[in-house]
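Here is a briefing on how one protein chain is built. Look over the sequence and the structure, then read the points by topic.

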Amino acid sequence: SGWGIRTLAGSMGAFNPVSYHNGSVWPHDNAIIAAGLMRYGEVAAAHRIIEAMLEVSAHYAGRLPELFSGIGREEIGVPAPFPSSCSPQAWAAATPLLLLRTILRWDPCLPHTRLWCAPSLPSSIGELQVSGLQLDSGHVRIDASRHQAAVSGLPSGVELIAAPRPTR
């Protein structure tokens, strides 16, 4: 839609941008899609979705709705509300957390004492600082920019791997 991936493509016969499941846009679905794209190396596509969700959030005073209409960006220029969308709504409220984890490529594996962290910031985010991330007994801080990232506060014995976690 230009604001996120719809539940049904506009080219499909049952498409209706104001149908609950036949053309609307769900932020939590988009966060899951972005995470999968990033995981498998489709960074530009993941960034496109993340940036769209950030733009939508700005139109809703920083709070993503449960869903919004799938009316295209080119049609009205703003994300159109869905008539019965809930806000706040639990899975919509969790969307920014998964988007942040996706941007950071934050993937801890404490049973193997490893943390993969290789931030990949979309172009709309020049720098990002996250602090207080609890990891086992530590509180981790990440300072990321377009070209580098610094991670501090790792618990003793946890190995930082500054690369995306392998898919296998």
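Strands S4 and S5 pair in the antiparallel sense over four bridges. Two strands count as paired if DSSP finds at least two bridges between them. Strands (E, at least two residues) and helices (H or I, at least four) are DSSP runs, numbered from the N terminus.

The model is predicted: local features need pLDDT of at least 70, side-chain atom pairs count only at pLDDT 80 or more, and totals for chains, interfaces and linings use all residues. Residues are numbered from 1 along each chain as its sequence is written, and side-chain values use heavy atoms, with hydrogens and water left out.

**The whole chain**

- The secondary structure comes to four helices and six strands.
- Along the sequence, the pattern reads α-α-α-α-β-β-β-β-β-β.
- The C-alpha trace spans about 55 × 30 × 30 Å along its principal axes.

**The sheet S3-S4-S5**

- Strands of a sheet pair through backbone hydrogen bonds, either parallel or antiparallel.
- This open sheet has three strands in the order S3-S4-S5, and the pairing is antiparallel.
- Strand S3 (127-135) and strand S5 (149-152) stand at the edges. Each has a single partner strand, so one side of each is left without a neighbour in the sheet.
- Neighbouring strands here are turned by 10° against each other on average, direction ignored. Axes are lines fitted to C-alpha atoms, for helices over the stretch in contact, and angles run from 0 to 180 degrees between N-to-C directions.
- Seven bridges join S3 to strand S4 (residues 138-145), and the two run antiparallel.
- Gln-129 has Asp-143 in S4 as its bridge partner, and Glu-127 stands opposite Ser-145 in S4.
- S3 and S4 form a hairpin with two residues between them. In the turn, Asp-136 has a positive phi of about 55°.
- S4 and S5 also form a hairpin, with three residues between them. Ile-142 stands opposite Val-151 in S5.

**The sheet S1-S2-S6**

- Here an open sheet of three strands has the order S1-S2-S6, with mixed pairing.
- Its edge strands are strand S1 (107-109) and strand S6 (159-161), and each pairs on one side only.
- Neighbouring strands of this sheet are turned by 15° against each other on average, direction ignored.
- Strand S2 (residues 114-116) and S6 pair in the parallel sense over three bridges. Arg-114 stands opposite Glu-159 in S6.

**Helix H1 against helix H2**

- Helix H1 (residues 27-39) and helix H2 (residues 43-59) pack at an angle of about 155°, with their axes 8 Å apart.
- That makes H1 roughly antiparallel to H2. Angles under 35 degrees count as roughly parallel, over 145 as roughly antiparallel, 65 to 115 as roughly perpendicular and the rest as oblique.
- H1 passes H2 in a left-handed crossing. A crossing is left-handed if the near helix is turned anticlockwise from the far one by less than a right angle, and right-handed if clockwise.
- Residues in the contact (heavy atoms within 4.5 Å) include Ile-33 and Leu-37 of H1 and Ile-49 and Met-53 of H2.
- By class, this contact of H1 with H2 has eleven nonpolar, two polar and no charged residues. Ala, Val, Leu, Ile, Met, Phe, Trp, Tyr, Cys and Pro count as nonpolar, Asp, Glu, Lys and Arg as charged, and the others, Gly among them, as polar.

**Helix H1 against helix H4**

- The axes of H1 and H4 come within 8 Å and cross at roughly 15°.
- That makes H1 roughly parallel to H4.
- H1 passes H4 in a left-handed crossing.
- Among the contact residues are His-28 and Ala-35 of H1, with Trp-91 and Leu-98 of H4.
- The residues of this contact of H1 with H4 divide into nine nonpolar, three polar and no charged.

**Aromatic pairs**

- A search of the whole structure finds four aromatic pairs. Rings of Phe, Tyr and Trp (its six-membered ring) pair if their centres lie within 6.5 Å; planes under 30 degrees apart count as stacked, over 60 as edge-to-face and the rest as tilted.
- The rings of Trp-26 and Trp-91 have centres 6.3 Å apart and planes at 40°, so this pair is tilted.
- Trp-26 lies in the segment before H1 and Trp-91 in helix H4, so the pair ties together parts that are 65 residues apart in sequence.
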